[in-house]
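Let's take a walk through a protein together. Have a look at the picture below, and then we'll go through it piece by piece.

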Amino acid sequence: MTVRKTSGAPAARTWLVTGGAGFIGSNFVHLLFAQEPNARVRVLDKLTYSANLKNLQLFRGRKNFQFIKGDICDARAVARAMAGADVVVNFAAETAVDRSIDDPHTFLRTDVEGVHTLLQQARKEPQLKRFIQISTDEVYGQIKRGSFYENSELRPRNPYAAAKAGGDRLAYSFFATYGLPVIITRASNNYGPRAYLEKMIPLFVTNLLDGQKVPVYGAGLQIRDWLYVSDHCRAVHMLVDRGVSGEVYNVGGGQECTNISLVRRMLKLMQRDERSIKFVQDRPGHDFRYSLDCSKLQRLGWRPEHNLRSGLRSTIDWYSANEDWWRPVKANMERRFFTGYWGRKR
Ligand SMILES: NC(=O)c1ccc[n+]([C@@H]2O[C@H](COP(=O)([O-])OP(=O)(O)OC[C@H]3O[C@@H](n4cnc5c(N)ncnc54)[C@H](O)[C@@H]3O)[C@@H](O)[C@H]2O)c1
């Protein structure tokens, strides 16, 4: 088995960023052009409900940027998008746990079959130096005490997490079997600009900006680690050159807190009080706590630049300044989202 090595960053690489019209993928494209202005960047995105072309409007008309509307399960679209790529970063996925509980099959299709289609095409691209599969901390399942290491057992507990675990291990198998230069990242909960409003932080910030209540699942005692999106993107960009093929890297913000304490921080920053909280029925099988040990990534020189305080401040500032981005998104969100997922009375 030969494993292709990555050398130092060449002047202008060709990148395929799948899912680049979504939250993290678009933030990654912004970071990529800031770090490598001459990079040739292709985005392949199906434009599902969570995508937004406004996320990429800054790059429209640039000679070194191309947007391709397409599905990562479609081998022809993938072949066209990946032709000649030096680096592939796969952000494309179905990502909402609540939706996966209603419709697991859609998640299996994109998060496993789609990854397979990308990996098969990657085998046909001899110039490809790196394939990054963006996975998630949810593949580990929940943990009461301590933190997950990259070699911890995977025990996904909802269909989203199980499908992501499938894609994660399938990507590894293409390294082990075919020598594809694959790296897998498992990140904690991301927040920041341009996140679709079904995620907790953007939903709550925009509700509070509108003077509405925020729906908290159960008693809000679940614990999550929060990672500011640009810190995640910096880690992914660094790993393209400094990571080792076949390895998994945890990416966490080191900012663990219960959902209710996160809400209280937001209320304080936005000058609201506890009357803005509405407790709703908990999600079935809601994981109690996620926690990542990120020392492997830190040994490569990465540190998060944001703590929860600075990250929340800049997130609130972004949504306050970008009503033209989120108001149409909120107006178009399905009613079932509010009445179904976040609306069940306790
Ligand atoms: N958001 C988080 O907190 C978080 C944490 C850890 C890992 N991740 C992972 O990061 C990645 C990006 O997540 P996000 O929060 O930006 O999600 P998102 O829902 O905002 O974006 C996903 C993007 O993928 C596209 N897409 C979906 N199915 C597709 C398909 N079949 N073909 C092509 N494009 C498709 C969508 O149109 C969208 O633009 C996902 O792989 C997710 O599992 C997210």
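Domain bounds here come from an automatic or database domain assignment. For this chain, that assignment gives domain 1 (14-191 + 227-251) and domain 2 (200-224 + 255-281 + 307-338). Their C-alpha centres lie 26 Å apart. Nine residues of domain 1 are in contact (heavy atoms within 4.5 Å) with 15 residues of domain 2.

Before going further, keep in mind that this is a predicted model, where local features need pLDDT of at least 70, side-chain atom pairs count only at pLDDT 80 or more, and totals for chains, interfaces and linings use all residues. Residues are numbered from 1 along each chain as its sequence is written, and side-chain values use heavy atoms, with hydrogens and water left out. pLDDT is the predictor's confidence in each residue, from 0 to 100. The chain averages 93, and 93% of the residues score at least 70. Residues 1-7 stay under 50. Where pLDDT is low, the predicted coordinates should not be read in detail.

Now for the inside. A nonpolar core is a set of buried (under 20% relative accessible area, 1.4 Å probe, protein chains only) Ala, Val, Leu, Ile, Met, Phe, Trp, Tyr and Cys residues joined through side-chain atoms within 4.5 Å. The largest one has 68 residues, and Trp15, Val17, Phe28, Val29, Val41, Val89 and Leu262 touch the most other members. Domain 1 and domain 2 both give residues to this core, so it lies between them. A second, separate core has 28 residues, including Leu16, Ala81, Ala122 and Val182.

What does Trp15 touch, leaving aside its neighbours within four places in sequence? Its contacts include Phe28, Leu32, Val41, Val89 and His237.

How values were computed. Buried means under 20% relative accessible area, exposed over 50%, partly exposed in between (1.4 Å probe, protein chains only).
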